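Visitor: I am new to this structure and would like to learn how to read it. Could you show me around?

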Amino acid sequence: MLNNLKPENILFIDIETVPQHANYSDVPETFQKLWDKKAEFFLKEEQTPADIYQRAGIYAEFGKIVCISAGIIHWVKGEMHFKVKSFASHDEKQLLIEFSNMLEGFMQKNFDNNLCGHNAKEFDFPFIARRMLINGLKLPQCLDIAGKKPWEVKFIDTLDLWKFGDYKHYTSLSLLTAIFNIPTPKDDIDGSQVASVYYKDNDLDRIAIYCEKDVLATAQLLLRLMGKPLIEDDYVQRSI
């Protein structure tokens, strides 16, 4: 499979999500009860559903997307360059509309184009699709995979590639970049801090920059798995 891939035919993405409300006390009563029921599965001793409400951000039914970053590889004078753009907004529906328009345009350019993320088959791709439906939006064709044959699904997952068929094995993006000696800038924040940066600091640009780092890291990881050279730092462009 990897031998047939062209880096320029891949759209690399990553998303950042937060709980739909800043605090458990702000959650409408109906959804408080539903969260209480959900939280029963992972509550630890002496914890309450309110104590772990920050985990709500990883579930499409209780969370929302605040940023989607997308990057592409392109060639300039024989050198690989990387361009990354973020769709970040407090208005999730508008964010999803803008991302969907870009995604449709990219996928229509070439039949061989694919989406790529790390653990994206389990998280990013279904989360985006679910939030689009919740917001009353039509799914882009590439995310509307119901009934499609496996070879018709345009998803690449670097975690899936690393598993080699081992379904129980999870390896983080940060660990894989470390073992493959992929240079990564020192992170300003990590995933556990995104909700706090969003609700307390109201800093979407900081979240977007963090998200873009993961997009670039995913692209570099796929290049390593393909046996190709990495993209030089000077050839990475952020599109505002």
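**Salt bridges**

Guide: Let us start with a pair of charged residues: the side chains of Asp 205 and Arg 238 meet in a salt bridge, 2.8 Å from N to O. This pair links distant parts of the chain, as Asp 205 sits in helix α7 and Arg 238 in strand β6 (residues 236-239), 33 residues apart. Please keep in mind that this is a predicted model.

Visitor: Are Asp 205 and Arg 238 buried, partly exposed or exposed?

Guide: Asp 205 has a relative accessible area of 42%, so it is partly exposed. Arg 238, at 31% relative accessibility, also counts as partly exposed.

Visitor: Which residues are linked with Arg 238 in a network of salt bridges?

Guide: The network joins Arg 238 with Asp 205 and Glu 212.

Visitor: How many salt bridges does the structure hold?

Guide: There are six. Another one pairs Arg 206 with Asp 201, where the closest N and O atoms are 3.5 Å apart. Arg 206 counts as partly exposed because its relative accessibility is 26%, and Asp 201 is partly exposed at 44%.

Visitor: How should I read a salt bridge inside a helix?

Guide: Here is the general idea: an α-helix has 3.6 residues a turn, so residues three or four places apart point the same way. Now the case in this structure: Lys 33 forms a salt bridge with Glu 29, with the closest N and O atoms 3.6 Å apart. Both residues lie in helix α1 (residues 29-39), four residues apart, which is about one turn of the helix. Lys 33 is exposed, with a relative accessible area of 55%, and Glu 29 is exposed too, with a value of 55%.

Visitor: Which buried residue has no salt bridge, although it carries a charge?

Guide: Look at Asp 157, which is buried and has no salt bridge. Its nearest side chain of opposite charge belongs to Lys 121, 6.1 Å away. A salt bridge needs the two atoms within 4 Å. Asp 157 is placed in strand β5 (residues 155-157), and its side chain reaches the backbone nitrogen of Ala 120 at 2.9 Å. Leaving aside residues up to four places away in sequence, Asp 157 touches Gly 117, His 118, Asn 119, Ala 120, Lys 121 and Glu 122.

**Helices and their surroundings**

Visitor: Is α3 enclosed or open?

Guide: Eight of the 11 residues of α3 are buried, so this helix is largely enclosed by the rest of the structure. Among the buried ones are Phe 125, Ile 128 and Met 132. The elements covering them include β1, β2, α2, β4 (114-117) and β5. Gly 136 follows α3 and has a positive phi, near 75°.

Visitor: How should I think about the interior?

Guide: In soluble globular proteins, nonpolar side chains tend to be buried together. In this model, the largest nonpolar core has 26 residues, and Leu 115, Ile 128 and Leu 143 have the most contacts inside it. At least two residues of this core come from each of β1 (10-19), β2 (63-76), α2 (92-109) and α3 (124-134). The most come from α2, which gives six. Apart from this core lies another, of 16 residues, including Phe 12, Met 80, Phe 82 and Leu 222.

Visitor: What does Leu 115 touch?

Guide: Beyond residues up to four places away in sequence, its contacts include Leu 11, Ile 13, Leu 103, Phe 125 and Leu 143.

Visitor: Where does Cys 67 lie, and is it buried or exposed?

Guide: Cys 67 lies in strand β2, and it counts as buried because its relative accessibility is 0%. Among the residues it touches are Ile 15, Phe 87, Leu 95 and Cys 211. Cys 67 and Glu 92 are 25 residues apart in sequence, and their C-alpha atoms are 8.5 Å apart in space.

Technical notes: Residues numbered from 1 in each chain as written. Predicted model: local features only at pLDDT ≥ 70, side-chain atom pairs only at ≥ 80, totals over all residues. Heavy atoms only, no water. Buried < 20%, exposed > 50% of the residue type's maximum accessible area, 1.4 Å probe, protein only. Lys, Arg positive; Asp, Glu negative; His and termini not counted. Polar contact = N/O pair within 3.5 Å; in protein donor to acceptor, adjacent residues only side chain to side chain. Contact = heavy atoms within 4.5 Å. Core = buried A, V, L, I, M, F, W, Y, C linked by side-chain atoms within 4.5 Å.
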